[in-house]
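Here's a quick tour of a protein chain and the ligand it comes with.

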Amino acid sequence: PAIIHRQDYSPPDWFVPEISLDFTLDPASTQVRATLSVTRNGAHERPLILDGDGLSPMEVQVDGRLLQGGEWMMKGDALVIPLPGDAHQIETLVELAPENNSKLMGLYASGGLLCTQCEAEGFRRITFFPDRPDILSRYSVCMEADQTRYPILLSNGDPVEQGSLPNGRHWARWNDPFPKPCYLFALVAGDLSCKADSFVTMSGRTVRLGIWVKEGDLPRTDHAMQALKNSMAWDERVYGREYDLDVFNIVAVADFNFGAMENKGLNIFNSRYILADPETATDIDYDGVEAVVAHEYFHNWSGNRVTCRDWFQLSLKEGFTVFRDQNFSADMGSHAVKRIEDVRVLRAAQFQEDSGPLAHPVRPESYIEISNFYTATIYNKGAELIRMIALMLGPDRFRAGSDLYFDRHDGQAATCEDFVKAMEEGGGIDLRQFRRWYEQAGTPHVRATLRHDPAAQTVELLLEQSIPPTPGQPDKQPMAIPLRTALFDRAVGRHRGETLLMLTQAQQSFTFSGFADAPILSINRGFSAPVIVEADRSQTELAFLSAHDDDPFARYEAMQQLMVNVLVGRVAGQNIDEGAVVAAIRDTATDPKLDPAFIAEAIRLPSEAYLGDQMAQVDPDAIHAARDALQQRIGQQLEPLWRDIHANMKANGFSLSPAAKGARKLRNIALLYLVASGTDDGPTMAFSQFDEADNMTERQSALATLANNISNEREAALDIFYNRYRSDALTLDKWFQTQAFASHPDTVDLVEELARHPDFTLSNPNRVRSLFGAFAGNQWAFHHKSGKGYRMVADCIIALDKINPQTAARLAPPLGRWRRFDEGRAVLMRAELQRILAEPGLSKDVAEQVGKSLN
Ligand code: B3K
Ligand code: ZN
């Protein structure tokens, strides 16, 4: 398959300033008539080339004249039209069958609705068009459909006209005044109900807000609406960005390839990021709704008003927008806890990606299928880059930089370089070396060594950085790494002020004076840089930081490192005393000054996957055994504490306040330790929590705890859950996911059974992710040494590729991590990758991921 290179970018030959689209909608046969005004870009003789994907033109007209065969031609899937002049009107007619579109790209049917998804290259599945983000057009859209089946007709921009037609049909026209790339086009037709509200912008305009869902789901839209209004106010306050249309609509659909889509004025969402009520949504789900609603809303400026020149610039909109939604969520809740959660995600997804065969820079150099590049690197590492710039500039200069960026590039298709330049000029900083963060893949390692000179009363901090080789990049240049650092006096338990150290060389040392005694190093506070720090700190020093560090992230990190040292040591056969861990957990859990949500994060053992990442070779069985054993002993040694917490954190009524959410989080972990202790009444306590809970956070958590062990309560709770929620797809997903993610010795067999369950289907991406996505993230189960887990995931990829290649390709990366495992597992994993690659008719989505994973 063809490789697309960043360096090959060239400006478009033709522009399309205007497009008008006429849809005659029907699930079996939809007609699309498109009228494009095209203008030649510069002096050249090249024909107009319009991308298509699976389309054949029923008519082609130029300036009102029907062309004969021979006046246009097909080149592959593209329509080629030689044109004599510099400006023409092109009209094409095509026919689609949305109900047969199982890829969920372009125009498709979902639960009685017709809806679209165009990013990245789905518009070419709807009509012939130069499908690239640097073509900005004004859209006028007319939809005609059956009035009863599709009473609501929505598209981008503002509604302008509607009317009824004979034969029970009706029509509506929408105009979007803002020129946009075609990946932001959207339409929805269906029988939808509207949760309506309004927002008055900073300049006093009233915007009509609508969240469109199936009628029965209306009571589950309050949280999304509140999140939307909070986002609109936040973007005005923090970035000075006002919404620009009179209408903002959101539609929830059940079948969606990812989270949501920021189409101009008409966001389309996976229903799991809109619908929430206490009975069915966990606190994590509520937070997910808030974050994704904000993320898509923020794209209106970072993505829509200023879009990307080409797909290599994807992080320009995604990294920046993730950074914006992370800060928004932090402002809505706890900064400390949000940072811990974001770093956990970064390490789990992005660090793994960055150390494997699919590693790529934040601004990639090449791709085969762009859908494969909506990655943790583009999104989450991209956000870390913006965060570092913001840290180096401080809030006011960062705001000056973002103002300049938005003002200068409004209405344009921009590049990452444009963003960095605006930050340099607006913020007053030199980012020459910093640009390497966009160019070099791989997670930098920073080794920190502290040397104390008692005679001179100085300490020298030696920092050494190295960036591991990644595919296509054997040698790396030093990065500019901002490290928030503090030195703690042991005697007083305090530091003398934090400094921001800029590590720019391969090796660099910093000297601090006035230290009669050797201090304790607290570095990369707040996780100021997305790097792996290796600092030789004793268990005593880590315990000190876990009790005294005033930076909550650093305090959490010290706890985690304490635990990692014990667990990784055990796996390697060393018997490192766990006393410091137990004491630190006890002290943290009983510290009245700490927020329960923070405590819950800090006392949780690192995941099995994270422990694997700390080892030269991952041993899933030994990691599981060591972690399970430590969890049991923490449970046993602190049993009265867990009982107290579990009792004290019980609420009288449901609330979504940060305090109530924190209490639930801490209560759930207390239950986990209690059950892990093996105490006789553990399973019955878990079952009672499951049974009595007035919210899904406690119910699902109790279910997950029970799911880890063999017990009658386990079976009973799973049955009750299934029968109670079997008709609610989003909640039934949790039933699949909880079992697939369980730390249970038979998970691999249970998942095989669940894949044959009548409620399992490959046609709904949420269901596939609930079972196979969760399973592939369950290190102990997926890496079962029989290789059965690998075979099941490979079977799923092969079957799903024929239906929905984009979602199939997302299941491949876990198999690609074979280099990290023992020879036995590596051979089995490779064999499955080869079996997939040998499938005839494999999509380029899966072929790219699997092919690269075998290298
Ligand atoms: N921009 C979309 C992602 C589209 C993914 C296409 N494969 C959602 C988002 O990041 O906001
Ligand atoms: Zn996004």
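**What the record and the model say**

In an unreviewed UniProt entry, residues 540–855 carry the annotation "domain: Peptidase M1 alanyl aminopeptidase C-terminal"; UniProt positions follow the numbering used here, feature names are shortened, and annotations may be inferred rather than shown by experiment. Keep in mind that this is a predicted model, where local features need pLDDT of at least 70, side-chain atom pairs count only at pLDDT 80 or more, and totals for chains, interfaces and linings use all residues. Residues are numbered from 1 along each chain as its sequence is written, while chains are lettered from A and ligands numbered from 1 in the order in which they are written.

**Confidence**
- The protein chain averages a pLDDT of 98, and 100% of the residues score at least 70; pLDDT is the predictor's confidence in each residue, from 0 to 100.
- For the complex, the predictor gives an ipTM of 0.99 and a pTM of 0.99.

**Two annotated stretches**
- Residues 540–855 are 69% helix and 0% strand, with end C-alpha atoms 43 Å apart. (Helices, H or I with at least four residues, and strands, E with at least two, are DSSP runs numbered from the N terminus.)
- The unreviewed UniProt entry also labels residues 43–184 "domain: Aminopeptidase N-like N-terminal".
- That 43–184 stretch is 0% helix and 49% strand, and its end C-alpha atoms are 29 Å apart.

**Domains**
- The chain is divided into domain 1 (4–191), domain 2 (307–439), domain 3 (445–529) and domain 4 (726–855), with bounds from an automatic or database domain assignment.
- Taken over C-alpha atoms, the centres of domain 1 and domain 4 are 35 Å apart.
- Even so, four residues of domain 1 are in contact with five residues of domain 4 (C-beta atoms, placed from the backbone, within 7 Å).

**Around ligand 1**
- Among the residues surrounding ligand 1 are Glu 119, Met 261, His 295, His 299 and Tyr 374 (C-beta atom, placed from the backbone, within 6 Å).
- Strand S20 (260–261) and helix H2 (283–298) each supply at least two residues of this shell.

**The sheet with S20**
- S20 belongs to an open sheet of five strands in the order S17-S18-S19-S21-S20, with mixed pairing (two strands pair if DSSP finds at least two bridges between them).
- S17 (193–200) and S20 are the edge strands, each pairing on one side only.
- S20 and S21 (residues 266–270) pair in the antiparallel sense over two bridges.
- Met 261 has Ile 268 in S21 as its bridge partner.

Conventions:
Two residues are in contact if their C-beta atoms, placed from the backbone, lie within 7 Å.
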